[in-house]
Amino acid sequence: MAELDKNSDREEKEVQIPDSLPVLPVRDIVVFPYMIIPLFVGREVSIKAIDHALATNRMILLLTQKDLTVENPSVSDLYTVGTVGMIMRMLKLPDGRVKILVQGLSKARVKKFVQTESFFNADIERIEEIKPDALSIEEEAQIRTVKEQLDKAVSYGKTVLPDIMVVIENLDDPGRLADLVASNLGLKAEQAQEIIEIIDPVLRLKRVSEILSREIELLIVQQKIQSEARGEIDKTQREYFLREQLKAIQKELGDIDERAEEAREFRKKIEEAKMPEKVFKEAEKQLKRLEKMHPDSAEAATIRTYLDWLVELPWSKSTKDNLDIKIAEKVLNDDHYDLEKVKERILEYLSVRKIKEKMKGPILCFIGPPGVGKTSLGRSIARSLGREFVRMSLGGVRDEAEIRGHRRTYVGALPGRIIQGIKSAGTNNPVFMLDEVDNIGTDFRGDPSSALLEVLDPEQNFAFADHYLSVPFDLTNVMFITTGNLADTIPGPLRDRMEIIYLSGYTSEEKLGIAKKYLLPKQLEEHGLTTKIVSITDPALLLLISQYTREAGVRNLEREIANLCRKMAKRIAEGKEKKFQITEKNLKAFLGVPKFLPEEEMEKDEIGVSTGLAWTEAGGDIIYVEATTMMGKGHLTLTGQLGDVMKESAQAALSYIRSRARTLGIKEDAFSKIDIHVHVPAGAIPKDGPSAGITIATALASVLTSRPVNKNIAMTGEVTLRGRVLPIGGLKEKTLAAKRMGIKKVVIPRRNKKDLEEIPKYIKKDMEFVFADTMDQVLKTALRGAKKPESRGKKR
């Protein structure tokens, strides 16, 4: 782009501009008067317009497109104000395009577009530039301001040719100055068109000044950003050169080399770690490789991290076990209420350790519902043994590398979480708890449960190979404890390697003991209360346990106690009360209406209603099985959201009753004339399991023989087609449920007699157990005498 000399004024006066000219649409640029600019033309219409101009007076009207993406613009796509240009040179290119050199002569406005056969022609009127005879002070000030602004923009990095700057310095015409500056600022087409359309030269110069002010602000911010980035780069380079110079100076002075010092420190740590022979050789090998490498290379950083892991692992560090059985037993009793089986197993392990120094650590698996204290029990075991405690959750783990680690070839590789846990413990014999072992996932990244086989197998884990370490680590001293809610979802091979201990839910009496001994003191302390301010009676706690929580563990119980403490703390803060005595009567005032209501006790013996015992995750409960008959064709209807197993038990019970119809005094053809409906309230709660078999059979026998069932008897057991009573599980919880409802007589399978030994004496006290081998014995115990038939009218 160039600017004509001042002498061109005289040339421009001599040039006569016709009233009609061919139109050349230009994209993404606005041509100003006095500009000399090369243009590349490729459109057929535009080339024909140029040919016509060259054949006549070499003049052409340059109009800017409104949208540069339009390939074939119409008259509506062009601005109506443009510049008349003189084609100075024309060159045809090999690719069919044309290159022209155009000189801007004068501004012009389109009066009317005339469409010819091959190009646009326009009737125009020339826009005369208003040239004042003498400049006012304001105009001179504006001219100086624009020149200074342009100088400032150039000083901040704006590129303007030196020849143009010389021309601008000598200009005193506001209109020409505005056009020349605008044409060299690299403005967008919309902004440049706005300027060319301003006729008044002073107003045009003011607009250019505004644009220059914004451009200067942008240049200042841009320069600041660039200088900051350059400063960071310069700082890094400077530090690098200084570091290299320091190394050279130290070498000249005979000071200790940095690499040699690093290698010496690693070698010292390797010796202090007391590694096994195989690990020691691998560490020495990697250290020699590090000594030969450049310290700033990527592989050197990888080896350095690897050596850090090797020297920081507790290869020979272990804690001394507390082998005082009485102290260990006291710690376990202080931390946990009941759980005698688990405590006995830990004390057995300590006893063997006391006799035999070297032995493999046990791998225990605690299975039980949430909130029974499985994880906290692991902490207590670690405390009783005097060992470090490490916990790792396996819930949702799907990547095998979480267990075995990543190979060192991967960027950001790390050992698996087993080795990480050992390192964080700082000893090679911690108590390592693997939570939620029943929730391990499997996908394309591997099977973590298979990786755990090596960890939890005493015959293999003496040489556990982590992919990152690539050297064996002895895990035989580690005491692994796993936890889960269900044993069924644990893969068989993994389950086979663990000693499973089942933790059943707590009874109400056990929860009462836990609340008094642990939960209540803990919550009182957390809420700033004391036993002098708050006292809660045992009946109030039992009511809280039975009607405000329903769970096997004590998590919700602790939440409700915390809720109670908050209510009391609020009243104290408000100055309403200073002391609290919580009883059965005022508990509702603090916690609101009970969330769970117990089953209502039966008022009298009824026909077709028997009392069963069920096991739930929240402990034991009683269920009522109702049976009724109606005229029909022998169909059996089962309702109450019963599962498949329970439905099959009902079918087996009915088949047994039909096979014993004569013995029970039921007419053989009675089953073909009636329909039987069995319902187990509450209908919204899903129920399943085989242990309701004898309860359903008793209800059916009662309704078909019209003999009422003894309301003071509860029962549990599975029934077969031949009337045999099979054993069940959860006897402790079921017995407790019966006692809670005031039922003193319970019918259970004879083969469950051995399980009574595990039930605490306080539960069995005042309870009578009837052991049944067959359904006949159950019916003999549960059914009352035959009901007398009702009189339906006088005899004739």
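Biologist: What makes the contact between the side chains of Arg383 and Asp335 a salt bridge?

Modeller: Happy to explain, with the note that this is a predicted model. The N to O distance for Arg383 and Asp335 is 2.7 Å, and the cut-off is within 4 Å between a Lys or Arg nitrogen and an Asp or Glu carboxyl oxygen, so the pair qualifies. Arg383 belongs to helix α13 (residues 374-385) and Asp335 to helix α11 (residues 325-335), so the bridge ties together parts 48 residues apart in sequence.

Biologist: Why is Arg383 called partly exposed?

Modeller: Its relative accessible area is 48%.

Biologist: How do you know whether Lys732 is buried or exposed?

Modeller: Lys732 has 16% relative accessibility, and buried means under 20%, so Lys732 counts as buried. Glu510, at 3%, is also buried. These two form a salt bridge, with the closest N and O atoms 3.1 Å apart. Lys732 sits in helix α25 (residues 731-740) and Glu510 in helix α18 (residues 508-526), so parts 222 residues apart in sequence are tied together.

Biologist: Which residues are linked in a network of salt bridges?

Modeller: Glu194, Arg207 and Glu210 are. Glu194 is in helix α6 (residues 189-196) and Arg207 in helix α7 (residues 201-253).

Biologist: How many salt bridges does the rule give?

Modeller: The count comes to 32.

Methods:
Residues numbered from 1 in each chain as written. Predicted model: local features only at pLDDT ≥ 70, side-chain atom pairs only at ≥ 80, totals over all residues. Heavy atoms only, no water. Helix = DSSP H or I, 4+ residues; strand = E, 2+ residues; numbered from the N terminus. Buried < 20%, exposed > 50% of the residue type's maximum accessible area, 1.4 Å probe, protein only.
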